[in-house]
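Hi everyone, thanks for coming.

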Amino acid sequence: MSPLKQLLLLAAVSYFLGSIPFGLLVGLSRGIDPRKAGSGNIGATNVARLLGGKYFALVFSLDLLKSLLPMLIAYAILRRAHLTSSQLDAKLLLAWLLVGFAAILGHMFPIYIRFKGGKGVATSAGLILGLWPYYTLPALVAFAVFLIVFFTWRYVSLASIASALSFPLAYLLAAIIFHWPITHQQLPLLIFAIIVAALIVYKHRTNIARLRAGTEQPIKPRQV
């Protein structure tokens with residue numbers, strides 16, 4: 001089977017892995033349904049509000065691994081075919097991205113719980129970490145933006161939105177600095193960065209409404 005077909009098959013598996021609602025499972029194991037408490041979301045932030053910071057770390061890590069593990073498997077498939085990042089054409093790059101993107105879609109729209117999932121921040125981070133080397137520097141910039149915004153205003157939602165929006169901009173800047181072929185074989189990377197940023201902002205639309213209304217709840221220092 002060609003590397004392309006293997007990646008496409010892995011993407012299908014990745015969606016079902018991404019659909020596993022770890023936040024819900026962790027909450028239920030502690031006697032709390034996060035869909036019916038707090039913000040009603042099954043993501044790590046709401047779990048942290050309900051159960052404490054150590055559960056944020058647990059759920060965030062599990063959600064990150066949903067995409068990171070398939071991305072690393074995809075990398076192994078490409079390496080086994082003796083293909084390095086610089087040798088990948090647009091089709092293979094797109095297929096590699098699709099592996100992680102399928103996990104993000106699974107997390108946001110999980111088949112197991114009627115397509116009502118989390119907001120995709122941790123799972124997007126897993127994809128970014130798994131795509132070496134082109135997303136590494138932009139990811140560091142986005143992470144720095146997240147920390148600055150969060151520790152300034154204490155809103156995870158605001159930090160997540162700012163981080164998501166900064167990622168495609170940081171990727172463009174890195175591409176210009178390092179002379180990457182962003183409009184040729186790496187065009188899927190730019191398109192994906194924009195799509196994921198838009199999806200994360202879309203999934204935070206209720207948070208945006210609460211931020212504008214002044215009703216969004218910040219994370220207090222004792223909660224993290």
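Let's begin with Phe-178, which you'll find in helix H8. Keep in mind that we're looking at a predicted model.

Together with Leu-137, Leu-140, Leu-173 and Ile-177, Phe-178 makes a nonpolar surface patch of about 500 Å². Helix H7, residues 136–153, and helix H8, residues 156–178, each put at least two residues into that patch, and H8 gives the most, with three.

Now, the inside. As a rule, nonpolar side chains in soluble globular proteins tend to be buried together. Here, the largest nonpolar core has 41 residues, and among those touching the most other members are Leu-7, Trp-96, Leu-131 and Phe-192. Which helix gives the most to this core? That's H5, with ten residues.

Take Leu-131 as an example. Setting aside neighbours within four places in sequence, Leu-131 is in contact with Met-71, Trp-96, Leu-97, Thr-136 and Leu-189. There's also a second, separate core of six residues, including Phe-146 and Phe-150.

One last stop: Ile-73, over in helix H4, which covers residues 53–80. Ile-73 is partly exposed, with a relative accessible area of 45%. Ile-73 and Leu-7 sit 66 residues apart along the chain, and their C-alpha atoms are separated by 9.0 Å.

How values were computed. Residues are numbered from 1 along each chain as its sequence is written. This is a predicted model: local features need pLDDT of at least 70, side-chain atom pairs count only at pLDDT 80 or more; totals for chains, interfaces and linings use all residues. Side-chain values use heavy atoms; hydrogens and water are left out. Patches are made of residues with over 30% relative accessible area and no salt bridge: like charges are joined within 9 Å, nonpolar side chains (Val, Leu, Ile, Met, Phe, Trp, Tyr) within 5 Å. Accessible areas come from the Shrake-Rupley method with a 1.4 Å probe; for residues, only the protein chains shown count as cover. A salt bridge is a side-chain nitrogen of Lys or Arg within 4 Å of a carboxyl oxygen of Asp or Glu. Helices (H or I, at least four residues) and strands (E, at least two) are DSSP runs, numbered from the N terminus. Buried means under 20% relative accessible area, exposed over 50%, partly exposed in between (1.4 Å probe, protein chains only). A nonpolar core is a set of buried Ala, Val, Leu, Ile, Met, Phe, Trp, Tyr and Cys residues joined through side-chain atoms within 4.5 Å. Contact means heavy atoms within 4.5 Å.
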